[in-house]
Amino acid sequence: MSDSPAVDADSILACEECLSPAEAFAVVGNETRLSILEALWRMERPAAFSDLRREVGMRDSAQFNYHLSKLTGQFVTKTDDGYDFRSAGRAVIRAVLEGTLNQDPELDPFDVDGECVDCGAPLEATYGNERIRIRCTACGRPHGGYSFPPGGLEDRTREELMSAFNQRARHLSCLSADGVCPECSGRMETSLFEVPDEDPFDLDVRVEHECQRCQHTIVSSVGLVLLDDAEIVSFYRDHGIDLNTVPYWTLEWCVTDNYTVVERAGTVDDPSSWRITLTIPVEDEALVLDLDGELSVLASERRERATA
Ligand SMILES: [Zn+2]
Ligand SMILES: [Zn+2]
């Protein structure tokens with residue numbers, strides 16, 4: 001009798017026609033096989049049997065062949081030209097490189113570009129629990145935080161790290177808004193919530209993306225979801241600014257709701273009836289976007305703006 005727990009047929013751990021996840025982990029839960037995957041990753045592929053064995057540094061050809069054969073099929077593919085990765089093999093290497101499996105670094109607070117949207121004091125970033133968080137050095141107001149795999153800290157100065165973080169945060173938020181989970185590529189659903197005044201992010205409207213497959217959840221502002229909107233990007237371009245390179249936490253319309261107005265035709269908990277106006281000021285002009293409750297742009301208009 002087996003002492004392993006019974007796995008329901010509809011469990012994510014069950015699989016009739018494929019390798020079960022437990023079996024897959026067992027295959028790669030072995031120093032030699034991980035070394036083979038790592039060697040293959042370093043090499044030009046497809047790699048010949050003898051070259052791969054030499055790269056791993058194993059003399060015993062039979063031993064090496066045994067471990068390689070365990071990987072062949074699900075993790076590694078064998079062609080006439082040699083061995084190459086399958087997606088699963090690449091995913092194992094990626095998980096090791098990400099550092100999420102076996103690292104848990106922390107960074108002391110360090111200065112970042114921009115100033116607090118509330119009090120004007122300088123901002124700082126911290127790293128812990130695999131997240132970068134940005135906050136005001138004086139009043140502590142948060143200016144956003146997102147996951148960032150530990151592997152991404154390697155070989156980067158603080159400045160390079162924050163630039164990478166900026167790209168990653170935009171990407172996560174925009175991909176989620178487009179309905180694709182950044183973790184598992186499952187279907188992501190977006191909901192809007194009205195938030196009480198004591199919300200720590202100081203937002204009246206909170207956007208939540210939740211993966212229907214892996215439950216991965218990302219919270220953002222209305223502005224952040226629209227960072228890759230063509231209209232907004234060209235509005236900035238017309239003012240000589242490449243929006244791609246602007247840290248999102250320095251954009252007030254991304255980190256506050258001061259530029260967002262919500263009108264509710266129906267009830268508070270029925271966002272499909274909401275109409276949202278987002279005003280984006282740049283110099284002497286403002287781009288005004290009308291959005292529906294799913295954050296689709298219904299109309300947009302550029303208006304002159306009085307500057308002080
Ligand atoms: Zn502040
Ligand atoms: Zn997912």
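**A helix pair and an open sheet**

In this predicted model, helix α2 (residues 31-42) packs with helix α4 (residues 61-71) at an angle of about 75 degrees. Their axes lie 10 Å apart. Angles of 65 to 115 degrees count as roughly perpendicular, so α2 is roughly perpendicular to α4.

Which residues make the contact? From α2 come T32, R33, I36 and L37. From α4 come H67, L68, K70 and L71.

Strands of a sheet pair through backbone hydrogen bonds, and the pairing can be parallel or antiparallel. Here four strands form an open sheet, in the order β10-β11-β12-β13. Their pairing is antiparallel. Strands β10 (260-264) and β13 (297-304) stand at the edges. Each has a single partner strand, so one side of each is left without a neighbour in the sheet. From one strand to the next, the twist averages 15 degrees.

Look next at β11 and β12. How many bridges join strand β11 to strand β12? Eight bridges link β11 (residues 274-282) to β12 (residues 285-292), and the two strands run antiparallel. P281 stands opposite A286 in β12.

A helix also packs on this sheet. Helix α8 (residues 230-238) touches β11, β12 and β13. The direction of α8 makes about 15 degrees with that of β11.

Conventions. Residues numbered from 1 in each chain as written. Chains lettered and ligands numbered in written order. Predicted model: local features only at pLDDT ≥ 70, side-chain atom pairs only at ≥ 80, totals over all residues. Axes fitted to C-alpha atoms, helices over the stretch in contact; angles between N-to-C directions. Parallel < 35°, antiparallel > 145°, perpendicular 65-115°, else oblique. Contact = placed C-beta atoms within 7 Å. Pairing = 2+ DSSP bridges.
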